[in-house]
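Student: Please examine one part of this model closely for me, and state the criteria behind each term as you go. I should then like that part set in the context of its surroundings.

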Amino acid sequence: MMTKTEHLLTCLIEECAEIQKAAAKALRFGLDDHHPDIPGTTNADEIAQEYIDLLAIVEMLREDGIIPMLESRDRAQAKKDKVTKYMAYAQARGVLV
């Protein structure tokens with residue numbers, strides 16, 4: 001038997017995997033490509049939709065007090081700065097164009 005916390009954490013794992021899957025398909029086939037059975041929904045759309053699903057689960061975890069509500073603006077900017085720094089490093093190494 002699973003607790004509500006365990007269930008929501010499992011949903012969180014699943015949503016992260018869905019984003020990974022959508023991003024991998026975008027890398028393989030392009031952001032503007034779509035699944036043959038789902039015309040009109042691009043891989044970029046799929047990534048965005050899975051992101052919204054992930055946010056919904058995170059919100060549920062926060063509402064139930066399972067994870068804390070943190071101020072995210074400074075953290076997000078720090079992450080952007082770090083990614084930008086390492087992108088510049090990758091460009092200097094010749095592995096990113």
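Tutor: Helices, here DSSP runs of H or I with at least four residues, and strands, runs of E with at least two, are numbered from the N terminus. This is a predicted model, in which local features need pLDDT of at least 70 and side-chain atom pairs count only at pLDDT 80 or more, while totals for chains, interfaces and linings use all residues. Residues are numbered from 1 along each chain as its sequence is written, and side-chain values use heavy atoms, with hydrogens and water left out.

Asp45 belongs to H2, which covers residues 43-63. Asp45 counts as partly exposed because its relative accessibility is 32%; in these terms, buried means under 20% relative accessible area, exposed over 50%, and partly exposed in between, with a 1.4 Å probe and protein chains only. A polar atom of the Asp45 side chain lies 2.9 Å from the backbone nitrogen of Thr42. A polar contact is a pair of N or O atoms within 3.5 Å; within protein, one must be able to donate a hydrogen and the other to accept it, and residues adjacent in sequence count only if both atoms are side-chain atoms. Between Asp45 and Ala76, 31 residues apart along the chain, the C-alpha separation is 22 Å.

Asn43 is also in H2, and its relative accessibility of 7% is why Asn43 counts as buried. Contact means heavy atoms within 4.5 Å. Leaving aside residues up to four places away in sequence, Asn43 touches Lys25, Ala26, Phe29, Gly30, Leu31 and Asp33. Thr41 sits in the loop between H1 and H2 and is buried, with a relative accessible area of 18%. With the same exclusion of residues up to four places away in sequence, Thr41 touches Asp33, His34, His35, Glu46 and Gln49.

Helix H1 provides the next piece of the setting. In H1, Leu8, Cys11, Glu15, Ile19, Ala22 and Ala26 are buried, and the buried residues of H1 pack against H2. The expected span of a helix is 1.5 Å times one less than its number of residues. The 26 residues of H1 should thus span 38 Å, and the end C-alpha atoms are 37 Å apart, which agrees. Just after H1, Gly30 takes a positive phi of about 105 degrees.

Asp64 lies in the loop between H2 and H3 and Lys4 in H1 (residues 4-29), so the pair ties together parts that are 60 residues apart in sequence. Asp64 is partly exposed, with a relative accessible area of 38%, whereas Lys4, at 55%, counts as exposed.

H3 (residues 73-92) has 20 residues and reaches 29 Å from its first C-alpha to its last, close to the 28 Å expected. Just after H3, Gly94 takes a positive phi of about 85 degrees. Val83 is found in H3 and, at 39% relative accessibility, counts as partly exposed.
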